[in-house]
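The following note concerns the interfaces of the model shown below.

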Amino acid sequence: MLKLFKRKPGGLSCGEVMEVLQSYLDGEIDAETAGKVTSHLDLCVDCDLEAGVYDRIRSSLATRTEPVDAGVLRSLESFSERLMNGEIDTNGVDND
Amino acid sequence: MVLLMDRPTETSAFERHVVPELDVLYRTARSLTRNNADAEDLVQETLLRAYRAIDRFDGRYPRAWLLTIMRNANINRVRKKTPDLLDDPDATFERSAEFADHADPEALVVEPVFDAVVEAAFEALPAMFHDVVELVDVNGLAYAEAAEILGIPVGTVMSRLHRARKRIRDHLTTAEVDVDTPSYRARLTKGS
Ligand SMILES: [Zn+2]
């Protein structure tokens, strides 16, 4: 949509929000900027919709996580246990 | 069973800092090796090295510390396996990612629903972008943690990740499946 005049909801322009949007969704920006983005999204439908798409991409990718097989985890735990009990020679460079 | 209190400090430090990260370590190793057996070997090698170094570890950011160890262990592993690829560890990481058996052709012809388009776009990403998305979005690493395992600056992780997601986003636009996505604020209220 054509913007006829400059708006800065939350103190940020839409372009500035797009620059930091992904970091914002990842929780990787400072609290002050995050607060400004939140207020911008409250007031700007376009950016809020765009943020919705990116957030949905993130959730969609997150569902691809394959659970770690319980047997593998148990075997790694027991390996750790044996290490801590001094049952494994830690001076060997490699395990093969 | 040995009681915690009887153990020397290195052992309790290992138990406190390392053991809780096993799950993340294995997931990351799986991304690096693309193979369950190699992933398990790589985690064991990482644990071994971590155990040897635990008395020099200051206790801060154990995950980042472990990922650095894993990166080095993996470079060693890849070198031994493929001696011809020895100069550039990042190239070998990307090379091994390219060999992966992803990109299921079936996934490309299913109806263009959101998740299917995201999956196809994700699998079509060049290895350099694919790896970062897999570490951060699929495996849940923070930017700094992904930077640690890839041996690249945080800013590079960020720009690759953002460009990768932008590509996925563009696929959605082309496939016209992003139109019915609720806004972020609406997703938040619906989700919680
Ligand atoms: Zn806006």
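**Note on the interfaces of chain B**

1. Chain B and chain A bury about 4,500 Å² between them, and carbon and sulfur atoms give 56% of that area. Buried area here is the accessible area (1.4 Å probe) that two parts lose on being put together, summed over both. Within chain B, the residues that lose the most area to chain A are B:Arg165, B:Tyr184 and B:Arg185, together 14% of what that side buries.

2. The model is predicted: local features need pLDDT of at least 70, side-chain atom pairs count only at pLDDT 80 or more, and totals for chains, interfaces and linings use all residues. Residues are numbered from 1 along each chain as its sequence is written, chains are lettered from A and ligands numbered from 1 in the order in which they are written, and side-chain values use heavy atoms, with hydrogens and water left out.

3. In terms of contact (heavy atoms within 4.5 Å), 48 residues of chain B meet 49 residues of chain A.

4. Six salt bridges are found across the interface of chain B and chain A, a salt bridge being a side-chain nitrogen of Lys or Arg within 4 Å of a carboxyl oxygen of Asp or Glu. B:Glu123 forms a salt bridge with A:Arg64, with the closest N and O atoms 2.7 Å apart.

5. The largest share, nine residues, comes from α3(B).

6. An automatic or database domain assignment supplies the domain bounds; chain B is divided into domain 1 (2-80) and domain 2 (104-189). The C-alpha centres of these two domains of chain B lie 28 Å apart. Their contact takes twelve residues from domain 1 and eleven residues from domain 2.

7. Between domain 1 and domain 2 of chain B the buried area is about 1,000 Å², with 55% given by carbon and sulfur atoms. On the domain 1 side, B:Arg34, B:Leu67 and B:Arg71 lose the most area to domain 2, together 41% of what that side buries.

8. Which residue does B:Arg34 meet in a salt bridge? The partner is B:Asp131, at 3.3 Å from N to O. Across the interface of domain 1 and domain 2 of chain B, three salt bridges are found. On the domain 1 side, α2 and α4 (62-81) of chain B each supply at least two residues that touch domain 2, and α4(B) gives the largest share, six residues.

Note on methods
Helices (H or I, at least four residues) and strands (E, at least two) are DSSP runs, numbered from the N terminus.
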